[in-house]
Amino acid sequence: MSDAVRPADVVAWLRAFAGAVAREREHLTELDAAIGDADHGINMERGMRAVAARLDEPAAAPGGSAAGEVVPRGVADAAAAPAGVGALLKTVGMTLVSTVGGAAGPLYGTLFLEMGKAAGGASGCAAGDEDADADSRAATAQWASLLEAGVAGVRARGKAEPGDKTMLDALVPAAEALRAAAEAGLAPGVALRRAADAAERGMRATVPLIARKGRASYLGERSVGHQDPGATSSWLLLEAAAETLAAEAPSTESPVTHEAAAEPPPAGQREAEP
Amino acid sequence: MIGLVLVCHSAKLAEAAAELAALMSGEGLHIGIAGGLEPPETAFGTDAARVARAIDEVWSEDGVLVLMDLGSAVLSAELALDLLAEGRRSRVLLTEAPLVEGAVAAAVRAGLGDSLEEVAAEARGALAAKSAQLVPGGEGSAAPSAAQAVAHGAGGAVGGPLGLAPETVPPVEAPPLRLTVHNPAGLHARPAAALVRTAAAWDAVVTVARAGSGRGPVSARSLNAVATLGVRCGQEIEVRASGPQAAEALAAVRRLADTGFEEPGVGGPPPPSAATAPAPAACEAPPAAGTVLRGLPASPGVAVAAARRLVCRPTAPPTDAARDPATEWEALERALADVAGDIRSARDAVAGRAGAYDAAIFDAHLLFLADAALLDPAREAVFRGQRGAAGAWADAVAQAARAWESLADPYLRGRAADLRSVGEQVLGHLLEPGRRPSPPAGGADAEHIVVAEDLTPAQASSLDPATALGVACALGGPTSHGAILARALGIPSVVGVGRALLAVPDGVTLALDGEAGTVTVDPPPAALRAAAERRVRRVREHEEARGRARLPAVTGDGLTIPVLANVARPAEARAAAAAGADGVGLLRTEFLFLGADHLPDEDEQVAAYRAVAAAVGGLPLTVRTLDAGADKPLPYLPLEREDNPFLGVRGLRLGLAHPSLLAGQLRAVLRLAAGHPVRLMFPMVSTVDELVRARELLEAARDDLRGAGVAVPERLEVGIMVEVPAAALLAEAFLPHADFFSLGTNDLAQYTLAAERGNAAVAALADPLHPAVLRLIAATARAAGEAGRAVSVCGEMAGDPCAIPILLGLGVTELSVAAARIPEVKQAVRAVELPAARRLAAEALAAGSAVEVRRLAGA
């Protein structure tokens, strides 16, 4: 397939998420202190710092990781992509698995690994330079497919459902919103904004819930009244995506232009290129 | 064999759990661990990639069982499956079994080569024993889950659930084996694992039941099942086996039981550290016949005899019926004096049979009796608190002992035991005047092995080696006072055997091996034979030595070495002569002074010395003048209290400081010398001037006696004890005034290495085989040799078979040892070839440490 989702976008998104997690470290840890073991912020920051470091490596290409396959580059990214999106996401997943430590490690790890698998295996629409709109729509559709695959993985791994006061309370509505936006033909920036907003609503909705999974479930009723830290970091993940992609199409909900899509990535991201 | 993987948040926990499991499994089981995050991260956590790697590391086509702790460990283990190669996933099983118990149970079962499913079932059932122990309602309530668990795992040869009904037991082909479990905690996990491993090694179906309880039989293949039997210390198990190797399996189980199921202190391999003795909790059931109790070797030799418990009657603190304070206080003082007398005679007895160094243990006890820290509070309580003597004393002792016990230094803490022991003795005298200082070891007329919790020095000194053939102590280490004294008395001894020993009834035959450190209870005929043979061999060697004891000790190349005796009392002189001594190399005259309440006058001394002379017939006698000091005070001789008595006024210094005392002794020796071959020796000489002054006193005494018309010999050989490095280094300078040298190697080592031999913390430093000490001996011997003078060694090293070739190689011409050592020392001399001994001595002088010297000497 061609990557409608561009590696450079993924890289920018991950950097933004790493920044957000670092900024919100204390907040996440405070939330976790209320109903968990007060390490979510620390763990996530450690994991995303490791991810950012991987992105900074000269050979950011994840070719040597568990995700061995090299994905053909999209036309738009022919010159810029460090590697295929699938391989990139799998590297992120493996890095989180090995560095987060808490339950968030295997869960976020699974999220990215499953996204990576979906990116590697999904049939995307081959798009030509001449059809920027189609390109944009394909990108949104692929974002939606990736997130759906990832969320399904998290759901299976954690054996949790929405309403259990977990990451899924943010991720599931986000994936649904993203799918709806894709079907509406919206550009990725706009679609991800909707997803992020859905995640935020889901996150806030965790406050009155009784935790049914993880350490917080030990508290039973006492978990009521606290926002779930996992749902919060998941919202940060979506928010980072929305902000990253919105930066490419700042003004409008209309389909992105060919020029915008073809813009080279910011200088900071070029450092990561081979 | 399947592999095991443990997944934990903590690397340490994973490692420790794996180590625990590996202890149980026997050889060959691969246990992989995935704990914590990869370095450089140090946080708790789990890492699915690491789990996958661990699985790959222990990979076996038989499968891999993964156990994990909680939370992310479960998620990471599941994720790890996704990361594995496709073909491996189906042979990896994640189990909800409890991490530690499950790992242990799984390791045992896996070690037997059982299938992945069987091992997993065993792991899942691993809480059964704990439930049986802890769940309210007792052992029975958890049985269903245990049964279920084992039923899950039972496969292949075993079959059947935990509560295997008797009729389903396969046909029994070997008579059942009944064993009593002596392990203090019963058949707990580790002994049970040993049982499972042992039973499974044979082609037989083995079951275990707790005799008389209706529990079991269960498969001996399942750790859970065996543990669930809840076998406690002292209970019996019944082991049955069927199949081609049923008999072998039962024999192996019996052997295992003989070793206490491999539990240190009960039997089995020696404890990892020989320095500390295991002290397992009490087990009241008597050990079964054939049980091998294992402790620490304390004194070599083999003994077979009936057990006889040395009973310590704890003296109940009295209820006060206080008379007037003066009477009470007088009673206490009398008791203190009585105990001091008892301790002195015990010390002298030990000094005679063993050596002055060992006897010095008692000196500390004597000091307690005069300690203001005890006497002041006791006096206060009697006179101001109107307490009775016994109560006042008991309180003072208890308080002081607590103070000792609160100290950080383990040696000092150990003194609390000495204090309590002395305190008991005094209390005994107060409450039962005339009572013996320590209970004699039973009737003391028949041969026996003394069984005791620990041996106080007083008890040890009361042992008669003729009837007390061995000593076995439940507590104590090889450096405890009781052990040192047993060794000194030549009584085979094992210490730190554990409390199971105390359950042995009197009269049961024990075979004690003081070299292996074992005590076999009611030994089977074969063990009895072996022990008897060893004993016979030792006795034969001893007899051979004794048979030749009266013959001169001549080296292989023809040099005769006089082997003399160290003697502290007239009775010992007789023993020395009987043992084949060529003379007395050291007559300690302290016996006359230290035990007396007044200064013995000249006539008393002459009488005592003549008694010794008569006891040894015509053998030459080396008389040493009084060797006292602040460390060995004389009640009638006021001595300044010294901070450091070993460096103070002692030895010849004391004699010169009290010239009338020394002069009296010199006159007595001169009178003795008129009718007997005598040499005179001065103790602890440091400078030539001291010797010159002492000789002037001697000449004055001779003139006195002559003037009074008393017969004195024309010539009396005069020598010095070389105990101070200065004297050894300047031996030549003493030659014009000294006819012979006698090396007191105990003190010489103590002064050379600046290590007090009575202080356990440094005593090991004062090794006379240290090359520095040997160089001082060499310097002394060289000076003496060039002048053709005799040089003797009268320290303990003279009786050490591995030191003898070195001493002779250095040029020592005489040895003086405890009477009991004479036959063997003579044998050792006969084995020496001087050229080889000189080479050995030269190498020893060039060595860098005592350890190196001992290695050279083959010790």
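Biologist: Which side chain forms a polar contact of 2.6 Å with the side chain of B:Ser816?
Modeller: The model is predicted. In it, B:Ser816 lies in strand β26 of chain B, residues 814-818. A backbone oxygen, that of B:Ala565, lies 3.4 Å from a polar atom of the B:Ser816 side chain. The side chain that makes the 2.6 Å polar contact belongs to B:Asn566.

Biologist: Is B:Ser816 buried or exposed?
Modeller: Leaving aside neighbours within four places in sequence, B:Ser816 is in contact with residues including B:Leu564, B:Gly585, B:Leu586, B:Val793 and B:Cys794. The relative accessible area of B:Ser816 is 0%. Buried means under 20%, so B:Ser816 is buried.

Biologist: What area is buried between chain B and chain A?
Modeller: The size of an interface is often given as the accessible area lost when the parts come together. Here 18 residues of chain B are in contact with 17 residues of chain A. Carbon and sulfur atoms give 60% of the buried area, which is about 1300 Å².

Biologist: Which residue of chain A meets B:Glu78 in a salt bridge?
Modeller: Between the two chains there are 2 salt bridges. In one of them the N to O distance is 2.8 Å, and the partner of B:Glu78 is A:Lys159.

Biologist: Which element gives the largest share of the side of chain B that touches chain A?
Modeller: Two or more residues each come from α2 (48-57) and α3 (72-83) of chain B. By class, this side has 9 nonpolar, 4 polar and 5 charged residues. The largest share, 7 residues, comes from α3(B).

Technical notes
Residues are numbered from 1 along each chain as its sequence is written. Chains are lettered from A and ligands numbered from 1 in the order in which they are written. This is a predicted model: local features need pLDDT of at least 70, side-chain atom pairs count only at pLDDT 80 or more; totals for chains, interfaces and linings use all residues. Side-chain values use heavy atoms; hydrogens and water are left out. Contact means heavy atoms within 4.5 Å. Buried area is the accessible area (1.4 Å probe) that two parts lose on being put together, summed over both. A salt bridge is a side-chain nitrogen of Lys or Arg within 4 Å of a carboxyl oxygen of Asp or Glu. Helices (H or I, at least four residues) and strands (E, at least two) are DSSP runs, numbered from the N terminus. Ala, Val, Leu, Ile, Met, Phe, Trp, Tyr, Cys and Pro count as nonpolar, Asp, Glu, Lys and Arg as charged, and the others, Gly among them, as polar. Buried means under 20% relative accessible area, exposed over 50%, partly exposed in between (1.4 Å probe, protein chains only). A polar contact is a pair of N or O atoms within 3.5 Å; within protein, one must be able to donate a hydrogen and the other to accept it, and residues adjacent in sequence count only if both atoms are side-chain atoms.
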